[in-house]
Amino acid sequence: MNEENTDQLKAQISQLKFALDNVPAYVYIKNEHSLYVYANKQTLDLFGCSEDTLEQFGDHDFFPADTVKNIRDSDAKVLVGERTKEEVIVPYPDGRKAIYWEVKTPLFSVQEPNKIVGILGVSTDITKRRDLEEQLKHAASSDALTGLLNRRYFFDRLTHALQLSKRYQSSGGVICISTDKFKSITYDFGHAAGDAYLIEVANRLRHVTREADSIASLGDGEFAVLVEGLSADQNVAHESVEHIADKIESVIAREYSIQGVTYTGAAHTGIAMFLGEQKSADEIIAEADKQMRMIKSEQG
């Protein structure tokens, strides 16, 4: 380690220490070897160490291995003269994660203005802001009752799926679903029972579809499922979508017990397939909806 460079950094730090300790952010300085030589009070509290012991520790003492790698990659850029701005994600064993917005800039030698002797980093915790953004995004894209996608966002997903289908020459399909008992349950037992029925249907749809599939509530007891990334062979792809549609009809037809009343459900489905962007999202959904209503009319 170059002790002269470290002494220069410490001299600069001593002049700013009081101000930096009162900055509402995590402020730190590393030397040219990415080792800590200073951290303000907020950073020391985060690390759980004292000013005296800080130089005994490195990033690997505070962060998971993947996070350390990302930190070191950005340090390397700063040490050749770049200024970096990026998010740093720190995962925890219990599944939580902290997200920081971090800005780094090189520190130059007083005697040799073109020589980089360290890194100044300023980091702010944006976890709550990101969580709020995710909540707002989820609220904007989801049906409030079932938690499934809403109609508008489903159309967005389908439009994107068409673009991917064209790019990768993979097939996809849309299944429109009518839950035939919804109106009669609502009429006989009230809106709370109807809502409970739709929530249970949504849960069953999640159970029989793939994780990659997109499920939407279209309102008035109707749902839709987007199945994408299938074989370019239309016959093979259609069989896959039909298999999912059959499972949907079967699972919705099973017994329900809501508000002490037991009854069986029922559903009709219609399918529309796509490969590329020959058809628009509106046309595909209209085709699946038309088939569903035709089958429903024929079966009574």
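Is Ser217 buried or exposed? With a relative accessibility of 13%, Ser217 counts as buried, where buried means under 20% relative accessible area, exposed over 50%, and partly exposed in between (1.4 Å probe, protein chains only).

1. A word on the basis. This is a predicted model, in which local features need pLDDT of at least 70 and side-chain atom pairs count only at pLDDT 80 or more, while totals for chains, interfaces and linings use all residues. Residues are numbered from 1 along each chain as its sequence is written, and side-chain values use heavy atoms, with hydrogens and water left out.

2. Surroundings of Ser217. Ser217 sits in strand β7; helices (H or I, at least four residues) and strands (E, at least two) are DSSP runs, numbered from the N terminus. Setting aside neighbours within four places in sequence, Ser217 contacts Asp143, Thr146, Leu148, Leu149, Asn150, Arg151, Glu222 and Phe223, a contact being heavy atoms within 4.5 Å.

3. The largest pocket. Its volume is about 210 Å³. On a 1 Å grid over the protein atoms alone, a pocket is an open set of points with protein on both sides within 12 Å along at least five of seven lines, whereas a cavity is a set where a 1.4 Å probe fits but cannot get out; lining residues have an atom within 4 Å of a point. Grid points are joined across faces, edges and corners, and a volume is the space filled by probe spheres set on the points. The largest pocket has 14 lining residues, with His138, Ser141, Ser142, Leu149 and Arg157 nearest its centre. At least two lining residues come from each of α4 (127–141), α5 (151–168) and β7 (214–219), and α4 gives the most, with four. The lining of the largest pocket comprises four nonpolar, five polar and five charged residues; here Ala, Val, Leu, Ile, Met, Phe, Trp, Tyr, Cys and Pro count as nonpolar, Asp, Glu, Lys and Arg as charged, and the others, Gly among them, as polar.

4. The cavity. The count comes to one cavity of 30 Å³ or more, and the largest cavity has a volume of about 140 Å³. Of its 15 lining residues, Tyr28, Phe47, Phe63, Glu102 and Ser123 lie nearest the centre. β1 (26–31), α2 (41–47), β3 (84–91) and β4 (97–108) each contribute at least two residues to this lining, which by class holds ten nonpolar, two polar and three charged residues.

5. Aromatic rings. Twelve aromatic pairs are found in the whole structure; rings of Phe, Tyr and Trp (its six-membered ring) pair if their centres lie within 6.5 Å, with planes under 30 degrees apart counted as stacked, over 60 as edge-to-face and the rest as tilted. Tyr28 and Tyr36 make an edge-to-face pair, 5.7 Å centre to centre with 70° between the planes. Phe62 and Phe63 also form an edge-to-face pair, at 6.4 Å and 75°, and both Phe62 and Phe63 are buried. Ring pairs join Tyr28, Tyr36, Phe47, Phe57, Phe62 and Phe63 into a cluster.

6. The cores. The largest nonpolar core has 30 residues, of which Ile175, Ile177, Tyr197, Leu205, Ile248 and Ile252 touch the most other members. A nonpolar core is a set of buried Ala, Val, Leu, Ile, Met, Phe, Trp, Tyr and Cys residues joined through side-chain atoms within 4.5 Å. Apart from this core lies another, of 19 residues, including Leu149, Phe154, Leu162 and Phe274.

7. Val225. Which strand holds Val225? Val225 is placed in strand β8 and is buried, with a relative accessible area of 0%. Its C-alpha lies 4.5 Å from that of Ile215, ten residues away in sequence. Beyond four places in sequence, the contacts of Val225 include Phe154, Gly173, Ile175, Ile177 and Ile248.

8. Two backbone spots to look at. Ser34, in the loop between β1 and β2 (36–39), has a positive phi near 65° although it is a residue other than glycine. Ser34 counts as buried, at 6% relative accessibility. Gln169 is in the loop between α5 and β6 and has a positive phi of about 50°, again without being a glycine. At 45% relative accessibility, Gln169 counts as partly exposed.
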